[in-house]
Amino acid sequence: MPMFSRRRFLTSSAALGGAFALGAGVAARAGAAPDPQILAAQFAEARIAADGVTQRVMTYGLGEAAHAGMPPVLRMRKGERYRARLVNRLDEPTTVHWHGLRIDNAMDGVPEMTQPYVYPGDRFDYTFTPPDAGTFWYHPHCNTLTQMGRGLTGVIVVENPDDPAFNAEVVLNLRDWRLGAGGGFIDPFKPRDAARGGTYGTVRTANWQREPAYDVPAGGIVRVRIAATDVTRIYTLGLEGAAAAVIALDGNPVEAPFPLDRLDVGPGQRVDLALRMPESEGACATLGNFRGSAPWTIARFRAVGASLKRDLRDVAPLAANPVAEADLSTATRIAIDLTATAEHRATPSICGSLGYTFWAINKVPWPGDTADPVAPLEELKLGRSYVLDVANRTPHAHPIHLHGLSFRIIASNKRSFLPPPTDTILLLPDEQAQLALVADNPGDWVIHCHIIEHQKTGMTAYLRVA
């Protein structure tokens with residue numbers, strides 16, 4: 001079946017009115033009330049597959065009422081305090097990790113390392129001030145393959161009031177689901193796939209819908225915030241029917257917006273686009289995944305109303321976040337090798353183990369979420385500059401995410417474009433890259449592959465900043 005056709009553009013059954021309402025209506029802004037925002041981890045049911053309702057989906061709801069939909073978009077403001085109270089209504093421990101936010105270590109959400117488990121019926125208060133504006137996301141760091149795979153992934157928007165004006169905003173949460181007949185959950189992974197690139201989902205969604213469509217102003221500039229929250233899938237994003245510019249990657253603005261052609265995005269990564277909609281009412285722009293031999297539609301944007309006649313050149317670059325630049329003349333170098341490891345049984349864990357070890361960092365497989373983890377990869381001095389010499393010694397790509405710190409890719413044997421500061425690098429097979437950072441946030445910071453099967457089968461470690 002062709003991926004894009006005018007008939008499919010105009011007959012999408014998943015049209016949702018008002019992209020701007022999506023960006024604002026389901027969100028919650030920090031600082032709106034003195035009390036912490038209630039963020040309840042809970043069970044629900046949802047119609048995700050075409051042939052049935054999925055039971056025991058996991059989601060987050062705001063407040064005391066039950067919630068049956070996608071986790072809400074949490075809206076915060078750069079430099080303003082945010083407070084959330086996690087209430088655990090699941091039947092197993094959980095936490096919240098604020099992915100990409102450079103916040104206090106005690107708020108990072110890693111059990112046994114930065115906070116205790118939040119057991120069923122218990123609660124935990126998170127308080128922090130986001131220093132950076134951009135697109136981020138939140139998810140548990142406990143029994144992650146199951147909890148994330150069943151729905152616990154939500155998007156964070158940290159607003160900067162000085163950002164340029166857009167005519168609308170659409171937030172896209174991209175993820176797969178492993179569902180079988182009737183919409184029931186099936187095994188979250190296959191060991192054979194976990195030892196390779198990971199186990200893919202069977203139902204592909206954006207905002208918990210298959211090929212959703214959004215009405216946005218004709219001829220307008222739409223800010224599209226995209227978060228790849230899937231546990232496995234790497235996307236190659238592309239657009240047909242309109243033009244778009246990349247304005248931010250992983251929460252940090254690019255120095256100069258550039259046209260979207262094909263862009264690889266791995267689990268944990270984010271992209272902000274400025275999308276210039278077609279002039280004619282009813283015309284569509286289609287965001288697709290072009291990875292592999294069978295491209296498919298992620299979401300559609302449908303032009304409505306009289307043309308606003310905006311120009312992409314109207315969009316000024318976003319203001320840079322206050323990420324410190326490493327002093328390369330004094331930087332200490334740290335070698336980090338990503339490798340396979342001898343298969344053996346993993347250590348049991350309250351937060352779940354897949355039962356196998358396939359991967360390692362510097363030849364040491366992570367033993368699981370335990371009270372006495374392995375020693376840190378390295379102890380970094382607070383305020384000092386470092387260069388991580390990261391080498392992928394495997395034939396598979398690994399999106400490597402570092403908690404609590406931002407780094408800049410300063411060299412690579414596999415890429416010519418070096419992005420702005422980031423917290424996640426999609427390290428290609430046999431890639432060797434140099435990541436420069438300033439150790440300006442004290443604490444124990446996890447570094448791991450965000451293909452969750454790889455994370456949970458050994459490709460995890462941590463850096464200590466003191």
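Which backbone nitrogen lies 2.7 Å from a polar atom of the side chain of Asp-230? The nitrogen belongs to Asp-176, and both residues get a closer look below.

## The model and its overall make-up

This is a predicted model, in which local features need pLDDT of at least 70 and side-chain atom pairs count only at pLDDT 80 or more, while totals for chains, interfaces and linings use all residues. Residues are numbered from 1 along each chain as its sequence is written, and side-chain values use heavy atoms, with hydrogens and water left out.

The protein chain contains 5 helices and 31 strands; both are DSSP runs numbered from the N terminus, helices being H or I with at least four residues and strands being E with at least two. Of its 466 residues, 61% are buried (buried is under 20% relative accessible area, exposed is over 50%, and partly exposed is in between, using a 1.4 Å probe and protein chains only). The chain exposes about 17500 Å², and carbon and sulfur atoms supply 51% of that area (accessible areas come from the Shrake-Rupley method with a 1.4 Å probe; for residues, only the protein chains shown count as cover).

Contacts tell us about the fold as well. Among contacts in the protein chain with a separation of 6 or more, 75% come from residues 24 or more positions apart (a contact means heavy atoms within 4.5 Å).

Let's start in strand β11, where Asp-176 is found. Asp-176 has a relative accessible area of 4%, so it counts as buried. Its side chain forms a polar contact of 2.8 Å with the side chain of Arg-233 (a polar contact is a pair of N or O atoms within 3.5 Å; within protein, one must be able to donate a hydrogen and the other to accept it, and residues adjacent in sequence count only if both atoms are side-chain atoms). A polar atom of the Asp-176 side chain also lies 3.5 Å from the backbone nitrogen of Gly-201.

Gly-201 sits in the loop between α4 (191–194) and β12. Leaving out residues up to four places away in sequence, Gly-201 touches Asp-176, Trp-177, Arg-178 and Arg-233. The C-alpha atoms of Gly-201 and Arg-175 are 8.4 Å apart, although 26 residues separate them along the chain.

## Asp-230, a neighbour of Asp-176

Asp-230 belongs to the loop between β14 (221–228) and β15 (235–240). With a relative accessibility of 2%, Asp-230 is buried. Besides the backbone nitrogen of Asp-176 at 2.7 Å, the side chain of Asp-230 has a polar atom 3.0 Å from the backbone nitrogen of Thr-232.

Beyond four places in sequence, the residues that Asp-230 touches include Leu-174, Tyr-235, Pro-267 and His-450.

Asn-441 is another loop residue, placed between β29 (432–438) and β30 (443–449). A relative accessible area of 11% is why Asn-441 counts as buried. Its side chain reaches the backbone oxygen of Gly-404 at 3.0 Å, and a polar atom of this side chain lies 3.0 Å from the backbone oxygen of Ile-103.

## Aromatic rings and cysteines

The whole structure holds 14 aromatic pairs (rings of Phe, Tyr and Trp, taking the six-membered ring of Trp, pair if their centres lie within 6.5 Å; planes under 30 degrees apart are stacked, over 60 edge-to-face and the rest tilted). Trp-177 lies in β11 (residues 168–177) and Trp-208 in the loop between β12 (203–206) and β13 (213–217), so the pair ties together parts 31 residues apart in sequence. Both of these tryptophans are buried. Ring pairs also link Tyr-60, Tyr-82, Trp-98, Phe-124, Tyr-126, Phe-128 and Tyr-138 into a cluster.

How many disulfides does a search of the whole structure find? The result is 0 (a disulfide is a pair of cysteine sulfur atoms within 2.5 Å). Cys-284 is buried at 6% relative accessibility, and Cys-449 is buried at 0%.
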